[in-house]
Amino acid sequence: QVQLVESGGGLVQAGDSLRLSCAASGGTFSAYDMAWFRQAPGKEREFVALINWIGNTGYADAVKGRFTISRDNAKNTVYLQMNTLKLEDTAVYYCAARKRDRTAYAYWGQGTQVTVSS
């Protein structure tokens, strides 16, 4: 079983930056694809960014060019650097993991709140 713990959320102003971290334990981190999702109040959870087990990345159009996902396999941690934050980035951000040969994310963190104010 993989356990995921997010950190780094908080209250920031529009235009600010924030870095989220997700620490993983209980599995072979380097063999997992890692992703960030988010859920805003009253909305469905949506994909934000992905980094696969060999380091290829993908982003939702809404965050492309502003957010960067990265991983440190030595620290079993995945990061989400968020720059030029907008009001619409306000959400609970979740870290997720899936084995490299799977399509569904089987492991989820508890989420961390990001609030962007004007």
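Which residues does Leu 4 touch, not counting residues up to four places away in sequence? The legends below take up this question first. The model is a predicted one, in which local features need pLDDT of at least 70 and side-chain atom pairs count only at pLDDT 80 or more, while totals for chains, interfaces and linings use all residues. Residues are numbered from 1 along each chain as its sequence is written, and side-chain values use heavy atoms, with hydrogens and water left out.

**View 1. Leu 4 and the largest nonpolar core.** With residues up to four places away in sequence not counted, Leu 4 touches Cys 22, Ala 23, Ala 24, Met 34, Cys 95, Ala 96, Ala 97, Tyr 107, Trp 108, Gly 109 and Gln 110; contact means heavy atoms within 4.5 Å. The largest nonpolar core has 30 residues, and those that touch the most other members are Leu 4, Met 34, Trp 36, Val 78, Leu 80, Met 82 and Tyr 93. At least two residues of this core come from each of β3 (18-25), β4 (32-39), β5 (46-51), β7 (67-72), β8 (77-82), β9 (91-99) and β11 (112-117). Another core, of 5 residues, lies apart from it and includes Ala 35, Phe 37, Leu 50 and Tyr 105. A nonpolar core is a set of buried Ala, Val, Leu, Ile, Met, Phe, Trp, Tyr and Cys residues joined through side-chain atoms within 4.5 Å. Buried means under 20% relative accessible area, exposed over 50%, and partly exposed in between (1.4 Å probe, protein chains only). Strands are DSSP runs (E, at least two residues), numbered from the N terminus. In soluble globular proteins, nonpolar side chains tend to be buried together.

**View 2. The open sheet of β1, β3, β8 and β7.** Four strands form an open sheet in the order β1-β3-β8-β7, with antiparallel pairing; two strands pair if DSSP finds at least two bridges between them. Because β1 (3-7) and β7 stand at the edges with a single partner strand each, one side of each is left without a neighbour in the sheet. From one strand to the next the twist averages 15 degrees, where axes are lines fitted to C-alpha atoms and angles run from 0 to 180 degrees between N-to-C directions. The antiparallel strands β1 and β3 are joined by 5 bridges, and Val 5 has Ala 23 in β3 as its bridge partner.

**View 3. Strand β9 and its partners.** Of the 9 residues of β9, 7 are buried, and the strand is mostly covered. Strand β9 runs antiparallel to β4, to which 8 bridges join it, with Arg 38 opposite Tyr 93 in β9. An antiparallel pairing of β9 with β11 extends over 3 bridges, and there Val 92 stands opposite Gln 113 in β11. Strand β10 (residues 107-108) also pairs with β9 in the antiparallel sense, over 2 bridges; Ala 97 faces Tyr 107 of β10 in the opposite position.

**View 4. The hairpins on either side of β5.** Strands β4 and β5 pair in the antiparallel sense over 5 bridges, and Ala 35 stands opposite Leu 50 in β5. Their hairpin has 6 residues between the strands, and in it Gly 42 takes a positive phi near 75 degrees. Strands β5 and β6 run antiparallel and are joined by 3 bridges, with Leu 50 opposite Gly 58 in β6. The hairpin of β5 and β6 has 5 residues between the strands, and Gly 55 takes a positive phi near 100 degrees.

**View 5. Asn 52 and Trp 53 in the loop between β5 and β6.** Asn 52 lies in the loop between β5 and β6 (57-59), and Trp 53 is found in the loop between β5 and β6. Asn 52 is buried, with a relative accessible area of 16%, whereas Trp 53 is partly exposed, with a value of 36%. Leaving aside neighbours within four places in sequence, Asn 52 is in contact with Tyr 32, Asp 33 and Arg 71. With residues up to four places away in sequence not counted, Trp 53 touches Ser 30, Ala 31, Tyr 32, Asp 33, Arg 71 and Arg 100. Trp 53 and Ser 30 are 23 residues apart in sequence, and their C-alpha atoms are 5.8 Å apart in space.
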